[in-house]
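Take a look at the structure below. Keep the sequence beside you as you read, and we will go through it step by step.

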Amino acid sequence: MSTHEGGCLCGLVRYRVQGPFHQFHLCHCSRCRRFSGTAHAANLMVPASHLEWLAGEDSVSRYDLPETRFSRAFCQVCGGMVPHTRGELAIVPAGGLDRDPDMDPDDHIFWDDRAGWYEPGLGAKKYSQTPNG
């Protein structure tokens with residue numbers, strides 16, 4: 001069983017997840033794009049019982065979009081996404097982990113909703129840091 005720790009951007013919220021992860025989705029739906037401000041969300045799935053809050057759980061807010069299954073949890077201080085549960089499932093934002101998960105993404109979901117600039121962006125110039133200019 002693998003163990004992963006993670007947290008929000010400011011470090012106030014910390015959590016531990018017992019693996020292995022069951023699924024790893026890159027979600028291109030318009031809701032994930034709008035919430036994250038990026039081309040897709042990267043979410044890992046584990047049983048909810050495998051999520052343990054280490055610090056800052058009282059600083060986590062959750063947003064549930066009315067009349068949908070869409071939810072996100074985030075730190076009230078920095079806005080960094082953190083895990084949330086839906087029934088027996090914990091949804092863990094891959095970017096919040098301290099190290100890479102032990103698996104590659106399984107799929108791109110809601111592919112037909114992807115941003116028009118996503119695929120052209122894959123061929124854009126790549127830099128190891130912010131370019132000068």
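Start at Asn 43, which has its place in strand S4, residues 41-47. Keep in mind that this is a predicted model. Is Asn 43 buried or exposed? Its relative accessibility is 7%. Buried means under 20%, so Asn 43 counts as buried.

What does Asn 43 touch, once residues up to four places away in sequence are set aside? The list includes Gln 23, Phe 24 and His 25. Arg 72 is also on it, and so are Ile 91, Val 92 and Pro 93.

Now move to Arg 86. This residue lies in strand S9, residues 84-86. Arg 86 has a relative accessibility of 32%. Leave aside the neighbours within four places in sequence, and Arg 86 is in contact with Arg 69 and Ile 91.

Next, compare sequence and space. Arg 86 and Pro 47 are 39 residues apart along the chain. Their C-alpha atoms are separated by 9.7 Å.

Finally, find the sheet. Three strands form an open sheet in the order S6-S7-S8, and their pairing is antiparallel. Which strands are at the edges? They are S6 (60-64) and S8 (81-82), and each pairs on one side only. Strand S7 covers residues 71-75. Two bridges join S7 to S8, and these two strands run antiparallel. Look across to S8 from Phe 74: the residue standing opposite is Met 81.

Definitions and conventions: Residues are numbered from 1 along each chain as its sequence is written. This is a predicted model: local features need pLDDT of at least 70, side-chain atom pairs count only at pLDDT 80 or more; totals for chains, interfaces and linings use all residues. Side-chain values use heavy atoms; hydrogens and water are left out. Two strands pair if DSSP finds at least two bridges between them. Helices (H or I, at least four residues) and strands (E, at least two) are DSSP runs, numbered from the N terminus. Buried means under 20% relative accessible area, exposed over 50%, partly exposed in between (1.4 Å probe, protein chains only). Contact means heavy atoms within 4.5 Å.
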